[in-house]
Amino acid sequence: MCGPLYSRRLRRPEAEELALRLLVSVGSSTGSTLPANLSGGEQQRVGIARALALEPKVMLFDEPTSALDPERVGEVLEVIRRLAGTGMTMVVVTHELGFAAEVADRVMFMDEGRVVEIARAVRCSTTPRTRGPRLSSAVILTK
């Protein structure tokens, strides 16, 4: 609630209502659990809700699933998928190439810090470079 309280100058009841609504929208059931008691996926989803509370024009994600257990990866990707469905502009750095192809409008492939290719997402699964052993990451560019 700190962002909306101090940055957006919302009143406490409004900030609390916003926080709870956003937590529910990202699949979190409670706002009363301390961060140390949340799973990695839950922490990521709460972080997304916290960022959304500031009403950003663009969301930036740097490997949002990198430190998660396999069963938690899907939860976080689903939140990002829903955001993409709302038209939210996002830049997502990820190694989840199938997800990139599904969600993105454009995908930029990078290798060793250099842009290798920028492709329409519908083409990215057939791009030969995506099968190369040296591919380090893809950046999803939406809307």
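Start with helices H3 and H4, whose crossing is right-handed (the near helix is turned clockwise from the far one by less than a right angle). Helices here are DSSP runs of H or I, at least four residues, numbered from the N terminus. This is a predicted model, with local features needing pLDDT of at least 70 and side-chain atom pairs pLDDT 80 or more, while totals for chains, interfaces and linings use all residues. Residues are numbered from 1 along each chain, and side-chain values use heavy atoms, without hydrogens or water.

Select residues 40-52 for H3 and view them against H4: the axes lie 8 Å apart at an angle of about 20° (lines fitted to C-alpha atoms over the stretch in contact, with angles from 0 to 180 degrees between N-to-C directions). The pair is therefore roughly parallel (under 35 degrees).

Next, show the side chains in contact (heavy atoms within 4.5 Å). On H3, pick Gly41, Gln44, Arg45, Ile48 and Leu52; on H4, pick Arg72, Glu75, Val76, Val79, Ile80 and Leu83.

Now move to the second largest pocket, about 210 Å³ (an open set of 1 Å grid points where a 1.4 Å probe fits, with protein on both sides within 12 Å along at least five of seven lines; lining residues have an atom within 4 Å of a point; the volume is the space filled by probe spheres set on the points). Centre on Leu22, Ser25, Leu52, Leu83 and Thr86, the closest to its centre of 13 lining residues. Finally, select H2 (12-25), which gives the largest share of that lining, 4 residues.

Technical notes. Helices (H or I, at least four residues) and strands (E, at least two) are DSSP runs, numbered from the N terminus. Angles under 35 degrees count as roughly parallel, over 145 as roughly antiparallel, 65 to 115 as roughly perpendicular and the rest as oblique.
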